[in-house]
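Take a look at the model below. We will walk through it step by step.

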Amino acid sequence: MSETETLAGGGLVRVNNVDKVFKRGSEEVHVLGGLNLEIPEGEFLALMGPSGSGKSTLLNLIGGLDRPSQGTVEVGGERVDKLSNRKLAAWRARHIGLVFQFYNLMPVLTAQKNVELPLLLTHLSRSERKKRAAIALEIVGLSHRNGHYPRTLSGGEQQRVGIARAIVTDPTLLLCDEPTGDLDRKSGDEILDLLQALNREQGKTIIMVTHDLHAAARATRTLYLDKGQLSTEANV
Amino acid sequence: MKYLALILSNLKRHKLRTALTMLSILVAFLLFGYLAAIRTAFTAGIDVADLDRLIVRHKVSLIQLLPASYEARMEQIEGVDSAVGQTWFGGYYQEQRNQFAQMPVKPDEFLDMFPEYVLSDDEKEAWLSTRTGAIAGRQIAERFGWQVGDKVPITASIWTKADGSQVWDFDLVGIYDAGEKGTDDTQFFFRYDYFDESRPDWGKGLVGWYTVRIDDPERSAEVSAAIDAEFANSQAETKAEPEGAFLQGFANQIGDIGFIMTSIVGMVFFTILLVAGNTMAYAVRERTNELAVLKAVGFTDSGVLGLVLGESFLLTAIGGGIGLTLAWLMVSAGDPTNGFLVTFFIPGRDMVYGVILIAVMAFVAGILPAMQAQRLRIADALRR
């Protein structure tokens, strides 16, 4: 049985024979080697593995934040690795929602304005942008904090704003890079509840990188990445 | 416009740093505007000099006099329309520190030659009919509080009267206005016939220089040469040149004001450019992560470049705009030397240069950090 067949399940995301090599000075570091992966629409996939195993790199390749050294990445039938920088940016704006470990909110903008940020790239009117951002904040349960700046919000609240920013454009795919990594257990659970709800109730396809087994347990499938290779079981 | 709030928010990130940088830019543009007014004052008249007017003076120097008879001879030269003589009187009003330009002229010829000195018909008539009549520019009249009808005594420092007295009494019959921006309205003109009759014999029949109107401005070099040739090998040889060149040469006697001003402004701007550039470089470096996030959510490379350049432009435009406005307000408040400067205003051309400089400074200060932001690789920046 081939690895692809083992991991296949549909086809919103198709990663075919992907290598990723980084150069550190004169040294070449092979992070991913001949990696294959298919993710069906509506899946909540947890990606686990030790530090440096290439989890975030794989996430970046799927999200069009980086390009593979070799192989192809398809999302929704689109060859992401083939798009020009300009088209890739537009594609990300339309199809990808990103949630980061350290939230990465703009400290000079209120929660509302942070959520509106991706909408600036659309042709929506100011009032429409405001309305959609308000809805996204309502979904994450933070309507009452919309005028607050990130520094006045707790970690859990900041991550909720981050999720609201990620879903405000109604993206095809939600990519979460250790979304609970900087949060205490209670706040982490609230974020996982939220992601689970987005997956179950709104059918969002989610790929979540995590070190936390407890978090991975919320996903519908868990894959392990080690030494550039995927498997369905952790190599202990 | 939808990105303006984002750009403004970034400027408010470090309020003190932004304020200090803006203040530096403000001072630079305030200086630019103010020095433009001073340069204009020192070169007054050059910009409004008529292309069809020549100045004819003694070949040796301006203080050597020319015979009054040259006027008629010059008017016979082909290409010359008319000529009018003027002489430096060099007097003062009441106290020696009250120096200003006084010149005896033939009123009718003079007013024809210089239509930029605007006088009412009544005042013109009064001047033609009053032998001791004089006219003063609006600015000098206001400075000394003169009204039409006043007796104005001027003490001569060169031209004492034939009877030995130094004080010349004039009847102020008119106050002229500047017909165009830059026209000198600090002068005082009186009648040549009164002057010539009253001065000592040694000076009679002599004038300081001539203003000559020519038929065709394109022939100014040719007509100048013809005038100089007419008086070659005489006791008073001449040097004829276009009015603008003469005034420029006169201004240059105290140094190349334009060069001095440009040098000062250039050095100030170079320094401020470094300050603004440094601010922008810091602004980008400390926001590497945020810029990467902007790209991650869909901003293009050129979009991020535009945001950083927009920030640089806004920073410079606010500082520079306030600086230019303040300069304009200060200059509008009046000549700080209380009348020493003949004209004192910022020409519209210099305001336009100021706006262009704002754009250039914003671009130069912002382009390198903006390109740095443009080239930022998202995955690398997010790992930092």
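Two residues are in contact if their C-beta atoms, placed from the backbone, lie within 7 Å. Keep that in mind, and note that this model is predicted.

An α-helix has 3.6 residues a turn, so residues three or four places apart point the same way.

Now move to chain A. Two packed helices are described by the angle between their axes and the distance between the axes. Helix H6 (residues 155-167) and helix H7 (residues 185-202) of chain A pack at about 20 degrees, with axes 9 Å apart. Angles under 35 degrees count as roughly parallel, so H6(A) is roughly parallel to H7(A). Their crossing is right-handed. H6(A) brings residues including A:Gln159 and A:Ile163 to the contact, and H7(A) brings residues including A:Ile191 and A:Leu194. By class, the residues of this contact are five nonpolar, four polar and two charged.

Finally, see where the chains meet. Chain B gives 18 residues to the contact, and chain A gives 18 residues. On the side of chain B, helices H1, H11 and H14 each supply at least two residues. The largest share, five residues, comes from H11(B). That side of chain B has seven nonpolar, five polar and six charged residues.

Methods: Residues are numbered from 1 along each chain as its sequence is written. Chains are lettered from A and ligands numbered from 1 in the order in which they are written. This is a predicted model: local features need pLDDT of at least 70, side-chain atom pairs count only at pLDDT 80 or more; totals for chains, interfaces and linings use all residues. Helices (H or I, at least four residues) and strands (E, at least two) are DSSP runs, numbered from the N terminus. Ala, Val, Leu, Ile, Met, Phe, Trp, Tyr, Cys and Pro count as nonpolar, Asp, Glu, Lys and Arg as charged, and the others, Gly among them, as polar. Axes are lines fitted to C-alpha atoms, for helices over the stretch in contact, and angles run from 0 to 180 degrees between N-to-C directions. Angles under 35 degrees count as roughly parallel, over 145 as roughly antiparallel, 65 to 115 as roughly perpendicular and the rest as oblique. A crossing is left-handed if the near helix is turned anticlockwise from the far one by less than a right angle, and right-handed if clockwise.
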